[in-house]
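Here is my note on the model, written point by point for someone new to reading structures. Please keep the structure open while going through the points.

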Amino acid sequence: MADVELETRVVGGGDAGFVTTKFEALLAWARKYSLFQYPFATACCGMEFFAAASPRYDIARFGAEAPRFSPRQADVLWVVGTISQRQAPVLKRIYDQMTEPKWVIAFGTCASCGGFYDNYATVPGIDKILPVDVMIPGCPPRPEAVLDGLMLLQQKIGDGDRTTAVVKNTQLPDGAEEKLERLYNIRMRP
Amino acid sequence: MARIILDRLKERFGADVLETSSQHGDDVAVVTPARWREAAEFVRTDPRCACDYFVDLSAIDCCDNGDPEARFEVYVIAYSVARKHRVRLKVRLPEDNPEVDTLIPVWVGANWMERECFDMFGVRFKGHPDLRRILLYEEFKGHPLRKDYPAQQAQPLVAYREGTYDKLRPFLADEGMPLDRTFKAAQDPD
Ligand code: SF4
């Protein structure tokens with residue numbers, strides 16, 4: 001709601017007040033809470049997707065309740081699992097059949113970058129064939145990371161941002177970042 | 001344990017059994033390509049062997065043994081449900097024309113395994129009714145489990161998109177925090 005409120009003003013008073021907002025903001029706000037999903041589950045990550053969609057994690061509270069097994073009715077394509085080269089045309093076709101606006105979530109390391117399948121058989125990340133909005137690393141990712149990914153997608157929809165974003169591990173224990181930075185000679189902190 | 005099979009084979013085929021070995025309960029007999037089908041038939045029908053259960057058929061690329069006449073080693077594993085013993089028959093095939101008789105008349109289950117062996121190694125099976133690729137696609141060139149196939153050389157069916165990441169670098173960009181993600185204009189992944 002917050003991002004709509006920024007653009008929104010209440011005009012007038014008494015019984016007959018009215019509200020103005022930007023049309024795009026209202027539309028984006030409406031879209032991000034009514035995501036119909038198309039689960040394209042191909043491998044072990046599928047199990048984790050079922051867990052994330054189960055009542056315990058309750059993906060419905062994000063407005064992403066209904067899985068649609070027709071691409072025409074879906075807004076979000078969840079690519080869950082390893083995509084082999086032989087399967088790539090099928091995935092591309094499903095994506096092409098979805099109606100605009102559409103978003104893609106790469107669920108798991110295999111869908112994001114091919115994972116440990118660095119060979120002739122596997123597509124090294126579905127961003128090689130489709131534009132991807134959110135990548136959720138993990139083999140498989142925990143349901144919490146999946147929910148983070150969904151919230152990230154909602155935020156991106158609200159912002160109108162189509163760059164690829166990666167769900168980050170948000171809960172490293174104290175001191176772990178410094179240690180990893182030293183170990184791998186990378187920069188993790190701003 | 002199943003030495004009896006090896007003895008029977010040697011008795012029946014004489015010099016056409018090139019070598020036999022027994023190790024850790026595995027009994028192996030190498031036969032000549034000319035009598036491959038016959039040896040399998042014998043192992044199945046001989047009452048002392050009675051190997052009625054087809055377990056597996058595949059090949060090994062022994063390209064480093066320095067002998068182009070014996071580059072491929074096709075093996076079949078058969079098990080006797082009644083006698084509870086198992087045998088492995090092998091045949092060595094040359095590099096330039098790896099071809100051997102099909103075992104479908106002996107065990108009908110050999111059909112798909114021979115197709116897989118053809119797909120992965122390019123070994124042809126004489127008399128196979130439907131020798132097509134089974135795991136890969138028709139457009140694929142070469143046979144990926146041959147050791148001279150470059151392991152990472154993919155043959156994509158869907159052309160890769162321009163400007164994608166090589167590999168994911170989730171920890172370098174400070175994007176992807178589910179909360180407090182501020183709007184960023186389209187940015188270079190580097
Ligand atoms: S990321 Fe891991 S769990 Fe998910 S499909 Fe790949 S191998 Fe399976």
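**Notes on the model**

1. Chain A has an open sheet of 5 strands in the order S3-S4-S5-S6-S7, with parallel pairing. Strand S3 (37–41) and strand S7 (165–166) of chain A are at the edges with a single partner strand each, so one side of each has no neighbour in the sheet. Helices (H or I, at least four residues) and strands (E, at least two) are DSSP runs, numbered from the N terminus. Two strands pair if DSSP finds at least two bridges between them.

2. On the basis of the note: this is a predicted model, in which local features need pLDDT of at least 70 and side-chain atom pairs count only at pLDDT 80 or more, while totals for chains, interfaces and linings use all residues. Residues are numbered from 1 along each chain as its sequence is written, chains are lettered from A and ligands numbered from 1 in the order in which they are written, and side-chain values use heavy atoms, with hydrogens and water left out.

3. Inside the chain A sheet, strand S5 (residues 103–107) and strand S6 (residues 134–136) of chain A run parallel and are joined by 3 bridges. A:Ile105 has A:Val134 in S6(A) as its bridge partner. In a regular strand, side chains alternate between the two faces of the sheet.

4. Helix H3 (residues 45–53) of chain A lies across S3, strand S4 (76–80) and S5 of chain A, and runs at about 135° to S4(A). Axes here are lines fitted to C-alpha atoms, for helices over the stretch in contact, and angles run from 0 to 180 degrees between N-to-C directions. In the loop between H3 and S4 of chain A lies A:Asp58. A:Asp58 has a positive phi of about 55°, although it is not a glycine.

5. How do helix H2 (residues 23–32) and helix H6 (residues 143–159) of chain A cross, and at roughly what angle? Their axes come within 8 Å and cross at roughly 160°. H2(A) and H6(A) are therefore roughly antiparallel to each other (angles under 35 degrees count as roughly parallel, over 145 as roughly antiparallel, 65 to 115 as roughly perpendicular and the rest as oblique). A:Ala28, A:Arg31 and A:Lys32 of H2(A) make the contact with A:Gln154, A:Ile157 and A:Gly158 of H6(A), contact meaning heavy atoms within 4.5 Å. These residues divide into 2 nonpolar, 2 polar and 2 charged. Ala, Val, Leu, Ile, Met, Phe, Trp, Tyr, Cys and Pro count as nonpolar, Asp, Glu, Lys and Arg as charged, and the others, Gly among them, as polar.

6. Two cis peptide bonds deserve a look. One joins A:Glu100 and A:Pro101, with omega about -5°; A:Pro101 is in the loop between helix H4 (88–97) and S5 of chain A. Another joins A:Cys139 and A:Pro140, with omega about -10°; A:Pro140 is in the loop between S6 and H6 of chain A.

7. Which residues are around the ligand? They are A:Ala43, A:Cys44, A:Cys45, A:Gly81, A:Thr82, A:Thr109, A:Cys110, A:Phe116, A:Gly138, A:Cys139 and A:Pro140; a residue is near a molecule if one of its heavy atoms lies within 4 Å of it. This shell divides into 7 nonpolar, 4 polar and no charged residues.

8. Chain B has an open sheet of 5 strands in the order S1-S2-S5-S4-S3, with mixed pairing. Strand S1 (17–23) and strand S3 (53–61) of chain B stand at the edges, each with a single partner strand, so one side of each is left without a neighbour in the sheet. Neighbouring strands of this sheet are turned by 20° against each other on average, direction ignored.

9. S3(B) and strand S4 (residues 72–80) of chain B run antiparallel and are joined by 8 bridges; B:Ser58 stands opposite B:Tyr75 in S4(B). S1(B) and S2(B) also run antiparallel, with 6 bridges. They form a hairpin with 2 residues between them, and B:His24 in the turn has a positive phi of about 50°.
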